[in-house]
Amino acid sequence: MRILGISAHYHDSAAALVVDGVPVCAVQEERLSRRKNDSAFPLAAIEWCLERSGLEPGQLDAVVFYEKPMLKFDRILTMALRGFPRTWRSFPRAMKNSLGEKLWVKGIIAAHLGVPSRKIFFTEHHQSHAAAAFLTSPTRSAALLTADGVGEWATLTLGRGAVRDDGSTDLEALREIRFPHSLGMLYSTFTAWLGFPVNEGEYKVMGLSSYGKPLFADAVRRVLRRTPDGGIALDLSYFDYHLSARSSYSAKFLDTFGPARDPWDPIDLQSAPGRHFANVAASVQGVLEDTLVDLARALRAETGLSDLCLGGGVALNGCANTRILRESGFERVFVPPAPGDAGCALGAALYADRVHFGQPWREVPDHPFWGPPADPDELARVALEDGLPMERLEHDSIARAADELCAGHIVGWVEGACEFGPRALGHRSILAAPQHASMRDKLNRSIKFREEFRPFAPAVPVESAARYFDLPPGGDRLGRFMSGVFPVRREWRERLAAVTHVDGTARVQTVERAMAPRFHALLEEMGRRTGVPVLLNTSFNLAGEPIVNRAIEAYSTFRRSGIDVLACGPVIVSKKPAMRQGAEEAVA
Ligand SMILES: [Fe+2]
């Protein structure tokens, strides 16, 4: 069967194609449209998926949308009626913001693709999350935990997935927590209060939390309380998001935690307000972790299963994932490379295949590289036209990249198919030597322009990971897609200063040779030269831009930033020494 999955109209749209039970390709719309977190109907992504697989829309057996618009409409209408009259102003805005074109999605799909409406299906939002987590992981029996801001009504679900002996798949929902009670909305509200963009700035809250002390944990626990049945409930008097489309926190929230940060004011961690923001971030992070650990522990006791699959945007919280692995009793924790809403495109297609159509279980290749490939020839052409030194090194490009990295240069590393999901895992990465903290500053000054409290991540061959990082059993599984945060071993912290966070941890990527052979070979080459097979790995994009996709986009980013060398397969392009110096001076 040929099944196209689509997620759209909220945040980070995507399309994915599953043929005979196996993903063939998947890509976020932003990678093609070049608009970060593009939420438009993913026409370009759909077109690319069809073109890549040589299919016409008429050859599709099904098109699956990742959530049920009518259920979402039901939620918004119900909340508006419940909150009346306070909500009467916000209702039209909420309709527009949350639903937009979604309600008419069947007509949109039918019109754009020319697919008859009998071939168009809908999965529930959290079914898509659960399927994206379970059906892409190498386990045949697992407990499932999904958590995000909100889908239709559910904000957190607990369940279990199993592949039966006859190859059929069973995804069972055990219970759910419903809007407005939401761990994701809690975290997003603090994200907004801290002056960061919601759905994007959650990473910053996590980074900032390491600089603070959880002095406000009790206050956060008054906002988020446990219910007698083991669930959670928010004290809604602290929030406005269920009543207003404009603001997420209430006057009571401000009375408790203080005035919100002005997004234009930099956070100065030496100042009292800066420390206050860090303390509140640490408090909400701690309470989120405690809550997820308790939920996971109860799920482990209930199901007796040893594997746990995590999905939903909350599963991007690497600190929480690690604590779940360490403390919940599960032996293995799986987080897919795209646990957020983009990944729902793939989840919806796999759900339709296994559950709706009852197709037999098929092993899904365990990697994130489902996007468009980069063409080294394109890079060679554009460099030639632009007059930059270009070499084609069929056998020595890895050694050459290692030379540059050892010389302290920053390397743009583009390889094969683009990653599906928010993280660069060695195919669209900016790489640098991890030894000196000054490298972190250089990257921030000349490329990433990130806040000082946001750490950079290391990549290490999976075979060597335990030497440098304190991975618990099963930790390399979280490290596979950079989904966990682990302590850097004390004796290595100074020598890995550029990738060690203030609390001594790192969001490690453990690289397996079979998944990314050239990236793995580069890490090993670094090990041979420096004794430490570790590189700083950050996504190949400038602030505010999506991760690069094609070689020409990588080239454009390379030219506009402080990246010294750009490698795409065997092709290596270098900036002239004067240009490198110019870039340094421009940012100094
Ligand atoms: Fe979601």
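Trainee: Why does Tyr468 count as buried in this predicted model?

Mentor: Tyr468 has a relative accessibility of 0%, and since the term buried applies under 20%, the residue counts as buried.

Trainee: What makes Trp492 buried?

Mentor: The relative accessible area of Trp492 is 8%, which is again under the 20% limit, so Trp492 is called buried as well.

Trainee: How many aromatic pairs does the count come to, and what makes the pair of Tyr468 and Trp492 edge-to-face?

Mentor: The count comes to 16 aromatic pairs. For Tyr468 and Trp492 the ring centres are 4.6 Å apart and the planes stand at 70°; the distance is within 6.5 Å and the angle is over 60 degrees, so the rings pair and the label is edge-to-face.

Trainee: Why is this pair said to tie together parts that are 24 residues apart in sequence?

Mentor: Because Tyr468 belongs to helix α17 (residues 465-468), whereas Trp492 belongs to the loop between β17 (486-487) and β18 (505-506).

Trainee: How do you know that the charged end of Arg450 sits over the ring of Phe456?

Mentor: The charged end of Arg450 is 4.3 Å from the centre of the Phe456 ring, which is within the 6 Å limit; the rule also asks for a position within 35 degrees of the ring normal.

Note on methods:
Residues numbered from 1 in each chain as written. Predicted model: local features only at pLDDT ≥ 70, side-chain atom pairs only at ≥ 80, totals over all residues. Heavy atoms only, no water. Phe/Tyr/Trp six-rings, centres within 6.5 Å; stacked < 30°, edge-to-face > 60°. Helix = DSSP H or I, 4+ residues; strand = E, 2+ residues; numbered from the N terminus. Buried < 20%, exposed > 50% of the residue type's maximum accessible area, 1.4 Å probe, protein only.
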